[in-house]
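Could you walk me through this model in my viewer? I would like to know what to select at each stop and what I will find there.

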Amino acid sequence: MQSKTHVTATINSEEVEFLCEPRQSLLEVLRETLGLMGAKEGCNNGNCGACSVILDGRLVNSCLVLAVEIQGRNLTTIEGIATPEGLHPLQQKFIEHAALQCGYCTPGFIVASKALLDQNPEPSEHEVRAWLAGNLCRCTGYDRIVKAVLDAADTPL
Amino acid sequence: MQSFDYEAPQGISEVIQLLAGKNGGARILAGGTDLLVQLREGRRNARLVIDVKNIPELTQITFDPKNGLRIGAATSCSQICSDPNVSEHFPGLVDAIHLIGGVQIQNRASVGGNLCNASPAADAIPALIVHEAVCHITGLNGTRTLPVEEFCVAPGKNALESGEFLTSISIPTTKERFGAGYLRFIPRNEMDIAVVGAGASVVLDSDRKRFVSARIALGAVAPTPLLASDAGAFLAGKAVTRENVKEAARMAQAVAKPITDLRGTAEHRKHLCAVLVERALDKAIERAGGHYAE
Ligand SMILES: Cc1cc2nc3c(=O)[nH]c(=O)nc-3n(C[C@H](O)[C@H](O)[C@H](O)COP(=O)(O)OP(=O)(O)OC[C@H]3O[C@@H](n4cnc5c(N)ncnc54)[C@H](O)[C@@H]3O)c2cc1C
Ligand code: FES
Ligand code: FES
């Protein structure tokens, strides 16, 4: 068996250490080693966005990042979006707008939308749709998701 | 996924040593958006993966009006598209690089990876070709350069020798009255691979009524991205008319040798060549400040 590498990173504002093999994706390590099951595996090839995480402020698919690559870096997963005070406005609006059915895509959409609002607090509908092109949903038809994101944003409706 | 070792060196010389030490068993990792999928599916093998994203020269963009643009091979698409010099002086390049995947992919995928992966449908390559981009290659035997149009040699195969890797891509400063554009046909708005891609660049004369020179390149219609040199040469010295542009598009169409696959038939691709080359030339002419004679 391949020897394991020791990795230290900041995950959801906490310093975390883990051992992984170089071949393991960040998604695999999040789910199977660190018990962070929020990021989902939809396709494992970069097409669906269900595994979206924010790495050093940038939205990426964790299935296309090696876990060893996050040494010394800062990661936010869906588990780090809500605060002890309550849900993030995006999470609240997803519930209010019923922007999910099976919910499998939801963590990815919320993380992706958070990355959008962090850099563009008042996106237009077109900007929301273009930004979320890398996230697939088989259930909702997207409309409710876009409405929830616009409602959570400062964009006047 | 298959097992491999991982190294993330800080300098180019370490990469050369690592590549030489593995005798072809090592692979460069940039954004991993092609490589990790291929390793997972067993389409490529590696005993060692060398992450080059910690090497400053490979992740920097530099521009000066005299020497032009230099893009580190591992620079991400989003870094390139948000660079003010790139968007001001090379909008035709942004056309192509902006099309690669959605946000998640843009934040990881590099232009060097797009080139080295050598897909016939890679979006950045025709745009680089019409900008006369040059590959900067390093290995144990020193450095060399190669025009981008000579870099891909077969589907998935590039001109790098064992032990060599791509360090950067340079683009000469654009001449006055230069314009370029790239576009592709896909069945949806986002997130798909080109059925056909077309890039064009033009330099116009001082009245902006004649072409001084032109370059046309096509993607997804041959085993490698294609420079349609005759079609470009045809326009040199000609007036900027719809007729001449259509003739150049027909000439580019004639050198395309598309195949039928799940994305489109050879016949459809042939048709698209002429349509897209004409539109790419329209964009290039517009950006060069030109307009069609009546
Ligand atoms: C969902 C999705 C959508 C996509 N959409 C598009 C699209 O619209 N258009 C498009 O053209 N492509 C698309 N791609 C393909 C891919 O994202 C691009 O080809 C990308 O530019 C590859 O860059 P990378 O940095 O991720 O390369 P990597 O995967 O890191 O590398 C690709 C290959 O090149 C080699 N390599 C990388 N850098 C070097 C170097 N400096 N020297 C030598 N060898 C090197 C690697 O070893 C590997 O074999 C898509 C991929 C996915 C997963
Ligand atoms: S599981 Fe990562 S993009 Fe689908
Ligand atoms: S809610 Fe089921 S995939 Fe989106």
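Begin with the lining of the second largest pocket and color it by residue class: 12 residues are nonpolar, 11 are polar and seven are charged. Keep in mind throughout that this is a predicted model. The lining comprises 30 residues in total. To center your view, pick A:Ala130, B:His98, B:Val103, B:Gln106 and B:Glu190, the lining residues that lie nearest the centre of this pocket. The space inside comes to about 790 Å³.

From chain A, select strand S4 (58-61), helix H3 (106-119) and helix H4 (125-131); each of them supplies at least two residues of the lining.

Now move on to the interface of the two chains.

Which residue of chain B forms a salt bridge with A:Glu69? Select B:Arg108 and look at the closest N and O atoms of the pair, which are 2.9 Å apart. Two salt bridges are counted between chain A and chain B. If you turn to polar contacts across this interface, there are 10 residue pairs to look for, with both residues at pLDDT 80 or more.

For the next stop, look at salt bridges over all chains, of which the structure holds 24. One to select is the pair A:Asp56 and A:Arg73, whose side chains meet at 2.9 Å, N to O. A:Asp56 lies in the loop between strand S3 (52-55) and S4 of chain A, while A:Arg73 lies in the loop between S4 and strand S5 (74-76), so this pair ties together parts that are 17 residues apart in sequence.

Finish with two backbone checks. Select A:Asn44, in the loop between helix H1 (26-33) and S3 of chain A. Its phi is near 60°, a positive value in a residue other than glycine. Then go to B:Arg208, in the loop between strand S12 (196-204) and strand S13 (211-219) of chain B. Phi of B:Arg208 is near 60°, again a positive value in a residue other than glycine.

Methods: Residues numbered from 1 in each chain as written. Chains lettered and ligands numbered in written order. Predicted model: local features only at pLDDT ≥ 70, side-chain atom pairs only at ≥ 80, totals over all residues. Heavy atoms only, no water. 1 Å grid on protein atoms, 1.4 Å probe; cavity = no way out; pocket = protein on both sides within 12 Å on 5 of 7 lines; lining within 4 Å. Points joined across faces, edges and corners; volume = space filled by probe spheres on them. Helix = DSSP H or I, 4+ residues; strand = E, 2+ residues; numbered from the N terminus. Nonpolar A, V, L, I, M, F, W, Y, C, P; charged D, E, K, R; others polar. Salt bridge = Lys/Arg side-chain N within 4 Å of Asp/Glu carboxyl O. Polar contact = N/O pair within 3.5 Å; in protein donor to acceptor, adjacent residues only side chain to side chain.
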